[in-house]
Amino acid sequence: MAAQAAAAAQAAAAQAAQAEAADSWYLALLGFAEHFRTSSPPKIRLCVHCLQAVFPFKPPQRIEARTHLQLGSVLYHHTKNSEQARSHLEKAVSAGRAIPQFEDVKFEAASLLSELYCQENSVDAAKPLLRKAIQISQQTPYWHCRLLFQLAQLHTLEKDLVSACDLLGVGAEYARVVGSEYTRALFLLSKGMLLLMERKLQEVHPLLTLCGQIVENWQGNPIQKESLRVFFLVLQVTHYLDAGQVKSVKPCLKQLQQCIQTISTLHDDEILPSNPADLFHWLPKEHMCVLVYLVTVMHSMQAGYLEKAQKYTDKALMQLEKLKMLDCSPILSSFQVILLEHIIMCRLVTGHKATALQEISQVCQLCQQSPRLFSNHAAQLHTLLGLYCVSVNCMDNAEAQFTTALRLTNHQELWAFIVTNLASVYIREGNRHQEVLYSLLERINPDHSFPVSSHCLRAAAFYVRGLFSFFQGRYNEAKGQRVVRAQSSPGPILRFLRETLKMSNAEDLNRLTACSLVLLGHIFYVLGNHRESNNMVVPAMQLASKIPDMSVQLWSSALLRDLNKACGNAMDAHEAAQMHQNFSQQLLQDHIEACSLPEHNLITWTDGPPPVQFQAQNGPNTSLASLL
């Protein structure tokens, strides 16, 4: 018995020594691999060699599975060798399923492998992989929540928002059961975001109310609490802006700006939450700062505070450039494109067409780098080109760009915005497109069945109706029918424009207000009511100068010149004429510069991905008829 015991002890000692030796070579190889991975610059080939050297030792099953995961991760994140990355990750998933209580390897491998499948456009392979991992991860709160978020994101990218919302609802209920109110709020806020995208407003309002209560009642990490509040307020602000309620949004926007200032003063807490289901962050602080700049730019542009929009765009783009040097997250490129889209519209209003065109080209370049980004922003890109074409009086190209944008979008607000602008193109073109124009105007009739709930777009639709009635009168007058001068004629025009003024004043839509005032001033001038015309044109000019809106300033100065001349105010007429001349020269110079740029050829692009190179123009079209 003693001999047997001694032999057993010797065998156990030998196994322990062998295990210790195995641990030492494994830890040494792992240490070398990590050293090479974190070197500056990283030595990925040597890191991969060290990890591959583990397999000849025929390690235990757990070490083998973990090494496959590590190799797959390194190859996926640091090389273009997706085939080998996929092979290692598939082996890690397969081996992990066979090993009990090996959750971190099993679920991380499934998560990474599904990302790789999506990158290779093998979404049908990613979905069942994630579903299986979700099914077996219910005892592991962190991974169960993470995998639910991941599958919901996959459905969102496929535009299957119903399935994504269902998964987020499941996640919210699971988080409640495991006692994580923080992650429950994240799931619910994410669901609210998708419901806003779907325009399911009746479901959004009670959901956001519940989220507000959860956020206020949750007591935990201050940064996590403030990040939830930022998420909540961003949804509220964008909801108001989508509805065109620029004035109503101000209290929420102010709270959001104060909230991001609070977050920037807080230090990151290194203490991990006690509940593993709480181990999530919505966005890094730096990304949240850019997002708040972005929604501030959106508000400033809609309200007509274009200098403020420029200021915050500059700040946001500077921050983005710094972040993109260290972070290749796709969301940063999305932020950059949305910022550029808004500042381009501002440039076109302020009379900086050449700069706007170069920024449109910059958006094209960003979209060339990411097919998904181009797919999400192609309609907006063609809309911007349409607006540029209008600004340089290339109406046929504007029509082609707007028509292309309509073909590419199923977003209701964008559709209404494009149709409104396309209708204005047809109105300015005269009687060439009467049937199409009547059809468009009926589809955006603000008096009944307006397709979207946006206050701003409905006000714009009233303005376009007024513009149409005004131009109808002008063309009839050219045929010898004194329609505009007839006392009964301006009734519908005045109703449409007064409705625009009422709606734009209610929500501080300054640019619509300025446009309505100057058009009313023009109508009263044609009617011979010089006093009433002056009462409209003077505030239009003041507001246009504040925005600043170069086209409205040009139009207002021309009216002030003619008004003062008709009233015998020679000095005021001369001053207005000088202003008009200055605006004309600025616009003409910018017009020539823009049309001379090689990027001007973008106006002919209506199909496929954006062109890579541009040919120089032979000579610009210098017509300013659209402005005069």
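## A serine in a helix

Start with S533, which sits in helix α24. Keep in mind that you're looking at a predicted model. Is S533 buried or exposed? Its relative accessibility comes out at 0%, and the cut-off for buried is under 20%, so S533 counts as buried.

What does S533 touch? Leaving out residues up to four places away in sequence, S533 is in contact with G521, F524, Y525 and L563. One of those, L563, turns up again below, on the α25 side of a helix contact.

## How α24 meets α25

Now zoom out to the two helices. Helix α24 covers residues 530–546 and helix α25 covers residues 550–566. Their axes come within 9 Å and cross at roughly 150°. The crossing of α24 and α25 is left-handed.

Which residues make the contact? From α24 you get H530, S533, N534, V537, V538, A540, M541, A544 and S545. The α25 side brings in V552, Q553, S556, S557, L559, L560, L563 and A566. Sorted by class, the contact of α24 with α25 has 10 nonpolar residues and seven polar ones, with no charged residues.

Next, the gaps. Rolling a probe the size of a water molecule over the atoms shows where empty space is left. How many cavities of 30 Å³ or more are there? The count comes to two.

The largest cavity holds about 70 Å³ of space. To find it, select L196, R199, L201, H239, D242, A243, E413 and S453, the residues that line it. That lining splits into three nonpolar, two polar and three charged residues.

## The second largest cavity

The second largest cavity has about 40 Å³ of volume. Around it you'll find V93, R97, K106, F107, A110, L129, A133 and I136. By class, this lining of the second largest cavity has six nonpolar and two charged residues, and no polar ones.

Which elements give two or more residues to that lining? They are α4 (82–98), α5 (103–119) and α6 (123–135). Of the elements, α5 gives the most to the lining of the second largest cavity, at three residues.

## Quick recap

Definitions and conventions:
Residues numbered from 1 in each chain as written. Predicted model: local features only at pLDDT ≥ 70, side-chain atom pairs only at ≥ 80, totals over all residues. Heavy atoms only, no water. Axes fitted to C-alpha atoms, helices over the stretch in contact; angles between N-to-C directions. Helix = DSSP H or I, 4+ residues; strand = E, 2+ residues; numbered from the N terminus. Left-handed = near helix turned anticlockwise from the far one by under 90°. Contact = heavy atoms within 4.5 Å. Nonpolar A, V, L, I, M, F, W, Y, C, P; charged D, E, K, R; others polar. Buried < 20%, exposed > 50% of the residue type's maximum accessible area, 1.4 Å probe, protein only. 1 Å grid on protein atoms, 1.4 Å probe; cavity = no way out; pocket = protein on both sides within 12 Å on 5 of 7 lines; lining within 4 Å. Points joined across faces, edges and corners; volume = space filled by probe spheres on them.
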